[in-house]
Amino acid sequence: MKLSGAEILWESLVREGVTDVFGYPGGAILPVYDAMLNYPIRHTLVRHEQGATHMADGYARATGRVGVAIATSGPGATNMVTGIATAMMDSSPIVCITGQVGSRLIGTDAFQEIDITGITLPITKHNYLVTSASDVAATVREAFLIARSGRPGPVLIDITKDAQQASCVFDWDAAAPVFSGWREAAPLDPAALDAAAELINTAKRPVILAGHGVMIAGAESALRALAERAHLPVATTLLGIGGFPASHPLNLGMMGMHGEAWVNVAIQESDLLIACGMRFDDRVTGNLKTYARGARKIHIEIDPSEINKNVPVDVALVADAGDALRQLLHRVEASDRSGWLARIADARGDSAVRDIQSLPDNGHLYAAHVINDLWRAVGAGDTIIVTDVGQHQMWEAQYYHHDRSRSLITSGGLGTMGFAVPAAIGAKRARPDAEVWAIVGDGGFQMTMCELATAVQDGIHVKVAIVNNGYLGMVRQWQEFFYERRYAATPLSGPDFVALARAFGIHGAAVSTRADVLPAITEARRIDGPSVIDFRVEQEDTVYPMVPAGADLDAMIRRPSPIVESASD
Amino acid sequence: MTLHTFTVYVEDRPGVLNRVSSLFRRRAFNIESLSVGHGETPGVSRMTVVVATDEGGATRIKAHLLKLVHVVRVDELTDRPSIVRELALVKISAGHDNRAAVMQLAQVFDARVVDVAPASLVVEICASESKVDGLLDVLRPYGVIEAVRTGRVAMARGSLSAPGAARAEAVVDEGIAYSV
C-alpha cells in the first residue's frame with residue numbers, strides 16, 4: 001500500500017491511539033493538514049502554537065496518554081518552545097509535529113526555515129528531522145515510545161515538506177522501533193530493597209516525600225498501602241498533589257517554599273526521608289546544607305540522573321515508583337508511630353489560628369477565600385483544576401484539597417505563566433465528562449486569553465476563575481519582602497474581563513465580595529458553555545508561609561498571628 | 001575535581017556528536033578533551049571524553065549520557081588500567097643551523113620527523129598527554145610555528161567485551177536500571 005508521508009503520519013498516529021490533536025496550519029505543514037481530513041482525528045484549532053503545546057500537555061497530564069501538538073515551520077515551531085520546555089520540566093509526555101521546508105532548502109535560510117531540532121535539543125527527550133516519507137512511520141513509533149516510557153517527556157518530529165508529499169509503501173509492522181540506546185529497566189536489587197526496608201523499620205521520625213512520579217507511575221494505591229502499613233506521614237510536592245488523598249489523616253500537605261510550617265518542620269526534624277518520584281527541586285529543599293540534616297534518605301526514582309543530584313541519598317531505588325513501593329510493602333513492618341505523628345500534630349500549633357479561613361469576614365475578598373469556596377463547591381465531584389503560575393497557584397495548593405489523582409494540573413518546574421487556560425482546554429478535551437476549572441491570575445490570563453476563542457469555536461466548556469489583584473502578585477510579594485516595596489513593573493491593568501468574555505460570546509461575571517463567590521460559581525456551573533469569573537481580590541495580599549529562596553527550610557516567614565498581634569497592641 | 005575519562009559508544013548518525021557535546025554544556029560540565037572516530041563495530045562511533053569533575057558528577061554524566069537515545073554504551077576508564085594516547089603535529093622553525101638539535105630532541109621523545117622544509121620541520125608524536133606537553137616545552141625555544149593535537153583516545157587494558165555483548169552487563173553492574 002503506497003501512501004504519502006502525510007498519510008503515513010496520520011496512519012501512524014491513529015495506530016498509536018491518537019484521537020485528538022491541537023494545532024495551527026501553515027505552509028510547510030499543509031500536506032499533513034490536507035491528509036488529516038481523511039482520518040478519524042479531532043483537530044482543535046488553537047490561536048497560538050504555545051497554546052497547542054500546553055493543550056497537549058494538559059491532555060497528557062489529565063490522562064497519562066500522549067498529547068499531540070502540530071505546527072508549521074519557522075515561527076509556528078518556535079512558538080512551541082515554551083510549551084515543550086514546560087512539558088520537559090514536568091515530565092509530561094507530548095509529541096510535537098512541525099512542518100519543515102523542503103529538504104533541499106534546509107540550510108539556505110529559506111522562508112520560514114528554522115533549525116527547530118537544534119533549538120529544542122536541550123528541552124526534548126529526543127527529537128527528529130525526517131527528510132524521507134519512508135522514515136515517518138518508524139519515527140512516530142519511536143517518538144511515542146520515548147515520550148511515554150521511563151520518565152516521560154516531550155519529543156519533537158520535524159518533517160520536511162517533501163517527506164510529507166513523497167509516497168512510499170506503508171508497513172506498520174516493519175516500522176517497529178529498533179534502536180540500540182534502548183535500555184530495559186533492570187530488576188531492583190533485593191539487597192537495596194532490604195536496606196530501604198530496614199531504614200523504614202528502624203526509623204523513628206520518617207516522612208514520605210511524594211512527587212509527580214507517583215501519579216505518572218500509577219502508584220497511588222501502592223503509596224497509600226505502604227504509608228498506612230507503617231504509619232508514614234506523607235508530604236507532597238506541588239506536582240505530587242493528588243497522588244495521596246488530601247483528606248487522608250497521614251497527609252501533611254505540600255512541602256517547600258510555600259508549604260505549611262508543620263510540613264517543613266516535620267521534614268527538618270525527620271530521621272528518614274522516603275522520596276518517591278520527586279527530584280529535590282530547590283523550591284522543595286531550601287538551603288541544601290541544612291536540609292533534613294538528621295535524616296537518612298531513600299530515593300525511589302526512575303531517572304538515574306536524578307540520584308544524588310541535589311541531595312545525597314543512602315539508598316537509591318532506580319525503578320518505577322509502583323514497582324518499588326509494592327516490593328517494599330511486604331518488607332516493611334506495621335508500626336503505629338503515634339509519638340512522631342503527635343509531634344507533627346503539635347507542630348501545627350497555632351497554624352489553624354493563623355489560617356485566613358479562621359479569620360472573621362472583614363469585608364475584603366481574599367484569593368484564599370475564593371479558592372476555598374471553589375473547593376467547597378466543586379471539590380467533591382470529578383473536577384480537574386488547572387492553575388497558572390504565581391500567588392494563586394500557591395493558594396490553590398494550600399486551600400483546595402485534592403483527594404483524587406490527576407485532579408490538579410499546574411506548571412511546576414518551568415513555572416510557565418499563560419499555562420492554565422490552554423492546559424485546561426486540553427484537559428477538558430481529554431476528560432470531557434470532568435468539570436474543568438482554570439484558576440489564573442490577571443497577569444497569566446492576559447498571556448494566553450486568546451485561547452478562549454479556541455474554547456468557543458470547538459465547544460470546549462472550561463470555566464475560568466481569574467484571581468484578579470491588579471498586580472503580578474508573586475513578583476510584587478518578592479518586591480515587598482526583598483526589594484523594599486519598590487514595585488517595579490508589577491502593577492498591572494487589564495481589560496474589563498466580563499466585557500471581554502461577552503466579546504468572545506461567553507458568560508462572564510465579576511465578583512468583589514465573599515458573599516457573591518458561591519452564587520457566581522453556581523451560575524458559571526449552570527451555564528452550558530465556557531465561563532469567565534473575574535474575582536477582584538485584595539490587591540496586596542501575601543502567600544504565607546514563605547521560605548525565602550536559599551534559606552533553611554524551617555526558616556519560613558509565617559502568617560501574621562492575630563493572637564500575637566492583638567496581644568502586642 | 002579530578003579528570004574523568006569516558007569511552008562513549010554512539011550510533012553513527014547525523015547530529016549525535018552535537019547531542020553529546022550539548023549535554024555537557026547544558027549540565028555545566030567542561031570538556032577537557034573530546035575525540036570521535038570509528039571503533040570496532042560498523043555503524044557505531046567511539047568517543048573519548050575527558051571531563052574535570054568529582055565522583056558524583058562523573059556518575060551523573062554517565063547517567064545523563066545513557067539517557068541519550070543514540071548512546072549505546074558508556075564506560076568510565078578513570079580508575080581502570082588503560083592506555084591513553086594523543087597525536088600531535090608540531091611545526092618548528094628550524095634551518096640548517098639548528099635542524100639537527102631539533103631532530104635529536106624529537107628522537108628522545110620517540111617523535112618522528114614527517115616533513116622537512118628549508119626553514120621548518122614537522123614533528124609527529126603519539127604519546128600520553130604529559131609526554132606531548134613535554135615535547136612542546138622543549139621545542140618552544142626553537143620557535144613553534146603551529147601545533148595541532150587530536151585530544152585523547154583511550155582504551156582499557158586487558159579484555160573488555162564488545163559493546164553489543166556487554167550492554168546488559170554494563171547496565172546491571174552499575175546498578176543503574178534504565179529505559180529511555
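These are my notebook entries on what I looked up in this predicted model.

**Ground rules**

I number residues from 1 along each chain as its sequence is written, and I letter chains from A and number ligands from 1 in the order in which they are written. Since the model is predicted, local features need pLDDT of at least 70 and side-chain atom pairs count only at pLDDT 80 or more, while totals for chains, interfaces and linings use all residues.

**Entry 1: two helix pairs in chain A**

I started with helix α1 (residues 5-15) and helix α7 (residues 136-148) of chain A, which pack at about 30° with axes 9 Å apart. Helices here are DSSP runs of H or I with at least four residues, strands are E runs of at least two, and both are numbered from the N terminus. The axes are lines fitted to C-alpha atoms, for helices over the stretch in contact, and the angles run from 0 to 180 degrees between N-to-C directions. α1(A) and α7(A) are therefore roughly parallel to each other. For angles, under 35 degrees is roughly parallel, over 145 roughly antiparallel, 65 to 115 roughly perpendicular, and the rest oblique.

On the α1(A) side the contact uses Gly5(A), Ile8(A), Leu9(A), Ser12(A) and Leu13(A), and on the α7(A) side Val136(A), Ala137(A), Val140(A) and Arg141(A). Contact means that the C-beta atoms, placed from the backbone, lie within 7 Å. By class, I get six nonpolar, two polar and one charged residues in the contact of α1(A) with α7(A). The classes are Ala, Val, Leu, Ile, Met, Phe, Trp, Tyr, Cys and Pro as nonpolar, Asp, Glu, Lys and Arg as charged, and the others, Gly among them, as polar.

Next I checked α17 (residues 367-378) and α18 (residues 391-399) of chain A, whose axes come within 9 Å and cross at roughly 45°. That pair, α17(A) and α18(A), is therefore oblique. The crossing of α17(A) and α18(A) is right-handed. Ala367(A), Ala368(A), Ile371(A), Asn372(A) and Trp375(A) of α17(A) meet Gln391(A), His392(A), Trp395(A), Glu396(A) and Tyr399(A) of α18(A). The class tally for α17(A) with α18(A) is six nonpolar, three polar and one charged residues.

**Entry 2: the cores**

The largest nonpolar core has 203 residues, and Val95(A), Leu209(A), Cys276(A), Ala438(A) and Ala465(A) have the most contacts inside it. A core is a set of buried Ala, Val, Leu, Ile, Met, Phe, Trp, Tyr and Cys residues joined through C-beta atoms within 7 Å. Buried means 20 or more other C-beta atoms within 10 Å of the residue's own, exposed means 12 or fewer, and partly exposed is in between, with C-beta atoms placed from the backbone. Helix α7(A) gives the largest share of this core, nine residues. Apart from it I found another core of 13 residues, among them Ile92(B), Ala94(B), Ile125(B) and Val132(B).

Ile157(A) sits in strand β7 (residues 155-160) of chain A. It counts as buried because it has 24 C-beta neighbours inside 10 Å. Its C-alpha is 6.2 Å from that of Thr98(A), 59 residues apart along the chain. Among the residues that Ile157(A) touches are Val95(A), Tyr128(A) and Val140(A).

Arg65(A) is in the loop between α3 (49-63) and β4 (67-71) of chain A. Its 17 C-beta neighbours inside 10 Å make Arg65(A) partly exposed. Gly17(A), Ala60(A) and Ala430(A) touch Arg65(A), leaving out residues up to four places away in sequence.

Most residues other than glycine have a negative phi, and most peptide bonds are trans. I looked for exceptions. The bond from Tyr544(A) to Pro545(A) is cis, with omega near -10°. Phe280(A), not a glycine, has a positive phi of about 50°, and Phe280(A) is buried, with 24 C-beta neighbours inside 10 Å. Asp110(B) has phi near 55°, but Asp110(B) is exposed, with 11 other C-beta atoms within 10 Å.

**Entry 3: chain B**

I count five helices and nine strands in chain B. Of its 180 residues, 32% are buried.

Note on methods. Contact = placed C-beta atoms within 7 Å. Left-handed = near helix turned anticlockwise from the far one by under 90°.
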